[in-house]
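Good morning, and thank you for making time for this presentation. Please have the sequence and the structure open while I speak.

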Amino acid sequence: MQDRPIDKVLEQLEDYTERGDEIRARCPAHNGTSEDSLSIREAENGDVLLHCHAECENEDIVEALDLDLADLFSKNGKASKPLTKEARSAEVRTVDELPGVIEDYFTFEDDEGKLLYIQQHKGAYYRVVGEDEDGDPLLIKGLGDVEPVLFELSSLIRGVEAGETIYHLEGCKDVVNAKERLGITATTSGGAKTWKGEFAEHYRGAKEVVILPDNDEEGAAYAQKVAQDLLGVAETVKIVDLPGLPDKGDLTDWLEAGHTAEEFSEVVTASPAIDAGLAWPEKPAPLEIRLPAVEEFDEELLPKP
């Protein structure tokens, strides 16, 4: 993977600070005492702009950095997001360089469709830390400080606004198969231990939510947790157990066993909704508890110092 001009410059600096779109560092040419005598910016075309406040020439700055002037210029005329300090010291990969088969990775995006991180099927997470010179995402392992989001979040939001039934599953692979083979709007938090209560806000106003857990104890517990948080948020909530599902089986297994979209629709329709009376109230009711009056304190009871 070829370094971008901005990365080449920052890798040669001992230390620097980021101030919005500008980076400040000690100028290596005159090596003064100021920690921000050198300003570094990335132009729209990807070129690096240097400015020493002590008026050092760019040729001297580049030479002190053990670079050439040509290293300041982008090869494709395209700017990209500089890597963070953390990313520079970690193993950075492109999507194509991830281990395993790329079809076994699932992309998680924010509500505007911006890629945040990628999850390997039943495996590791890789978060976006920048872009290469072609605009492709650069990734490092782990979520770091990136907040988890729901898989297919933007589709979920559109589905709720359109009044569609939302199907909540336990894994990303099931969501993909549900969309491709059943034509439904589906989402997941990514696994049995990944649900967060704040995710429920994305379902507010939903007409109907159908939860399809895996056939095991973890799946049942996951479904109950999701359902409890969605009761009172969505109008109708169902937990649907697919008939004939093997132990630890999921929706994908059920479809691969030959079951059809028509059968699926019949099972969902026949499944009862959870009693909304089981939902926690949005605002707790005050308790009408009256404590007995407290007797007036007698100062004579205080011990002498």
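This is a predicted model: local features need pLDDT of at least 70, side-chain atom pairs count only at pLDDT 80 or more; totals for chains, interfaces and linings use all residues.

The pairing belongs to strands S5 and S9, which run antiparallel to one another and are joined over two bridges.

These two strands are part of an open sheet of five strands, whose order is S5-S9-S8-S7-S6 and whose pairing is antiparallel. Which strands stand at the edges? They are S5, residues 93-94, and S6, residues 105-109; each has a single partner strand, so one side of each has no neighbour in the sheet.

Strand S8, residues 125-131, and strand S9, residues 137-141, are paired in the antiparallel sense over four bridges. Within this pairing, Val 128 is opposite Leu 139 of S9. Arg 127 has Ile 140 as its bridge partner in S9.

I turn now to the aromatic residues. How many aromatic pairs does the structure hold? There are nine. In one of them, the ring centres of Phe 106 and Phe 151 are 5.9 Å apart and the planes stand at 75 degrees, so this pair is edge-to-face. Phe 106 is in strand S6, while Phe 151 is in the loop between S9 and helix H4, residues 153-161; the pair therefore ties together parts that are 45 residues apart in sequence. Phe 106 and Phe 151 are both buried.

A second pair has another geometry. The rings of Phe 108 and Tyr 117 have centres 4.7 Å apart and planes at 15 degrees, so they are stacked. Are these two residues buried or exposed? Phe 108 is buried, with a relative accessible area of 0%, and Tyr 117 is buried as well, at 1%. Through ring pairs, Phe 106, Phe 108, Tyr 117, Tyr 125 and Phe 151 are linked into a cluster.

Let me move to an earlier part of the chain. Strand S3, residues 38-42, pairs with S4 in the antiparallel sense over five bridges, and Glu 42 stands opposite Val 48 in S4. S3 and S4 form a hairpin with five residues between them, and in the turn Gly 46 has a positive phi of about 95 degrees.

The buried residues of H1 are Pro 5, Ile 6, Asp 7, Lys 8, Val 9 and Leu 10.

Gly 20 lies in the loop between strand S1, residues 17-19, and strand S2, residues 22-25, and is exposed, with a relative accessible area of 73%. The C-alpha atoms of Gly 20 and Arg 41 are separated by 10.0 Å, and these residues are 21 apart along the chain.

On the surface, I would point out one nonpolar patch. Phe 297, Leu 301 and Leu 302 form this patch, with about 360 Å² of accessible area together. Leu 301 is found in the segment after helix H8, residues 261-270. Leu 301 counts as exposed because its relative accessible area is 63%, and the cut-off for exposed is over 50%.

Finally, I come to the chain as a whole. Its secondary structure comes to eight helices and 13 strands. Of the 305 residues in the chain, 41% are buried. The accessible surface comes to about 18,000 Å², and 48% of that surface belongs to carbon and sulfur atoms. Among contacts between residues at least 6 apart in sequence, 59% join residues at least 24 apart.

Thank you for your attention; I would be glad to take questions.

Conventions. Residues are numbered from 1 along each chain as its sequence is written. Side-chain values use heavy atoms; hydrogens and water are left out. Two strands pair if DSSP finds at least two bridges between them. Patches are made of residues with over 30% relative accessible area and no salt bridge: like charges are joined within 9 Å, nonpolar side chains (Val, Leu, Ile, Met, Phe, Trp, Tyr) within 5 Å. Accessible areas come from the Shrake-Rupley method with a 1.4 Å probe; for residues, only the protein chains shown count as cover. A salt bridge is a side-chain nitrogen of Lys or Arg within 4 Å of a carboxyl oxygen of Asp or Glu. Buried means under 20% relative accessible area, exposed over 50%, partly exposed in between (1.4 Å probe, protein chains only). Contact means heavy atoms within 4.5 Å. Rings of Phe, Tyr and Trp (its six-membered ring) pair if their centres lie within 6.5 Å; planes under 30 degrees apart count as stacked, over 60 as edge-to-face and the rest as tilted.
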